[in-house]
Amino acid sequence: MSAAPSAAVRSALTLALASVLLTSGAQAAPRELRASRFVQVRAADKFERSRIANTGISIEAVLSDSVWGFATEKMVDSLKSSGFKVMGNFDASVARGGHQDGFDFPAADARYHNYTEMTSKLKFIAQSHADIARLSSIGKTLEGRDIWALHINSSPEALASRSSTKPGIIYVANHHAREHLSAEVPLMFAQHILTNRMQPEIAALLEARDIWIVPMLNADGVEHDIATGRYQYWRKNRRNNGDGTFGVDLNRNYGFQWGTGGSSNDTSSDVYMGPNPFSEPETQVFKAFVEGLPNVKILLSFHTFSELILYPWGHTHDTIGKQDDLRVHEKMARTMAAWNGYVPQQSSDLYIASGDTTDWSYGQLGIISFTFELSPRNTAGMGGFYPGAKIVDKAFADNLKPMLYLLDLANDPYRALTNRPTGFLKSYVQPQPELSQFWSR
Ligand code: 0X9
Ligand code: ZN
């Protein structure tokens with residue numbers, strides 16, 4: 001974890017906040033109620049961080065002595081009365097406009113894909129490799145957008161039936177709206193393995209595995225985040241909670257140990273868990289999708305930011321009880337971290353959070369599961385979610401080998417515990433510079 005923010009970081013934060021505040025009140029649309037304070041709270045360890053998370057604050061950055069997060073006034077008061085020191089407290093409220101299709105990223109970030117662009121790129125990729133790839137909708141978001149899954153399998157029957165006897169892996173991203181980088185990395189991965197499909201190791205993996213890529217689960221939230229031409233710092237989905245607040249945190253809505261800590265029943269909280277487990281169409285769709293794929297052995301959920309490789313549990317400080325599973329998660333996380341320089345740790349070492357994707361996929365279905373928190377490594381301010389277009393290539397290059405490693409191990413993750421952890425994968429194909437052409441528009 002990084003040290004306390006430097007003066008430079010603090011002034012970058014102030015600038016970021018200033019630019020957010022400049023947008024306040026610019027629109028005529030009614031103001032939504034939301035967690036509108038951005039606060040820094042002193043926290044010495046994971047236990048204090050978990051107590052802070054329990055108030056309903058969404059922790060966005062963990063420093064050695066403190067955390068930054070979004071809070072309501074009420075949460076700030078309750079923190080103070082519980083004896084926590086609030087070191088920074090900014091008004092981060094943003095007035096937002098209405099919602100319609102066709103929004104886009106600010107020009108400097110045009111490299112990122114909005115929902116329409118994501119849809120066309122996925123269609124293009126699938127059409128370009130129609131013999132081994134197919135795009136399908138696995139269901140709809142609350143606002144009716146298709147949730148796309150790219151299926152890669154060398155068997156035409158598997159593509160047609162959307163089921164396979166080959167060992168499977170799921171890469172899913174963008175549970176959190178503002179974490180746009182998280183969708184780019186699996187999208188580039190799809191393009192990479194298909195473009196390099198004749199390369200012997202990749203060819204062997206494509207022949208032997210069932211691959212599913214769901215790059216934008218929270219499409220409504222993504223579109224909302226870019227709806228006004230300025231980022232909205234939006235995290236949740238777009239559920240109208242009926243009380244002036246919007247959104248359920250999809251990464252608190254899964255039904256394994258739901259609501260047992262680090263999530264909130266306050267609708268204005270950024271970590272609002274929803275009225276029930278799996279109350280949201282997006283988590284329902286993903287649940288049914290994963291449950292329909294009994295061949296899947298590994299799941300990777302992409303988030304941003306902090307450069308971490310996380311594994312269950314997230315809802316408790318206890319470690320996974322099944323010793324082999326604990327060892328396999330630890331070994332795989334450490335192996336991947338040695339390649340990408342991320343920090344491997346149990347999710348709850350960060351802070352307790354219940355109802356997240358990977359506690360469910362491992363806890364309920366026994367799938368070996370990881371959450372990657374992509375770049376940047378640290379930023380004390382709110383800029384961590386909006387690191388700019390340049391970071392996309394780095395995040396992809398950092399994570400290509402880990403993604404291939406997971407694909408390789410998907411037939412038997414416990415192979416990671418042996419001295420010969422990889423099967424097909426002896427080396428890996430470097431990202432090709434010319435691919436950047438394809439991604440820049
Ligand atoms: O809090 C989250 O949902 C994830 N971090 S993020 O900044 N992308 O929102 C982390 C989830 C990891 N799980 C637990 N800490 N339990
Ligand atoms: Zn996230």
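1. Met87 lies in strand S4, which spans residues 86-91; strands (E, at least two residues) and helices (H or I, at least four) are DSSP runs, numbered from the N terminus. Met87 is partly exposed, at a relative accessible area of 31%; buried means under 20%, exposed over 50% and partly exposed in between, with a 1.4 Å probe and protein chains only.

2. Leaving aside residues up to four places away in sequence, Met87 touches Gln40, Val41, Arg42, Asp65 and Ser66, where contact means heavy atoms within 4.5 Å. Between the C-alpha atoms of Met87 and Trp68, 19 residues apart along the chain, the separation is 9.5 Å.

3. His176 (ND1), Glu179 (OE), Glu179 (OE) and His303 (ND1) coordinate the zinc ion (ligand 2) at 2.0 to 2.3 Å. Along the chain these donors follow the spacing H-x2-E-x123-H. Donors are N, O and S atoms within 2.8 Å of the metal (3.2 Å for Na, K and Ca); water is not among the atoms, so sites may look incomplete. Both His176 and Glu179 are buried.

4. The protein has 14 helices and 12 strands. Of its 441 residues, 62% are buried. Among contacts with a separation of 6 or more, 77% join residues 24 or more positions apart.

5. As to provenance, this is a predicted model: local features need pLDDT of at least 70, side-chain atom pairs count only at pLDDT 80 or more, and totals for chains, interfaces and linings use all residues. Residues are numbered from 1 along each chain as its sequence is written, chains are lettered from A and ligands numbered from 1 in the order written, and side-chain values use heavy atoms, leaving out hydrogens and water.
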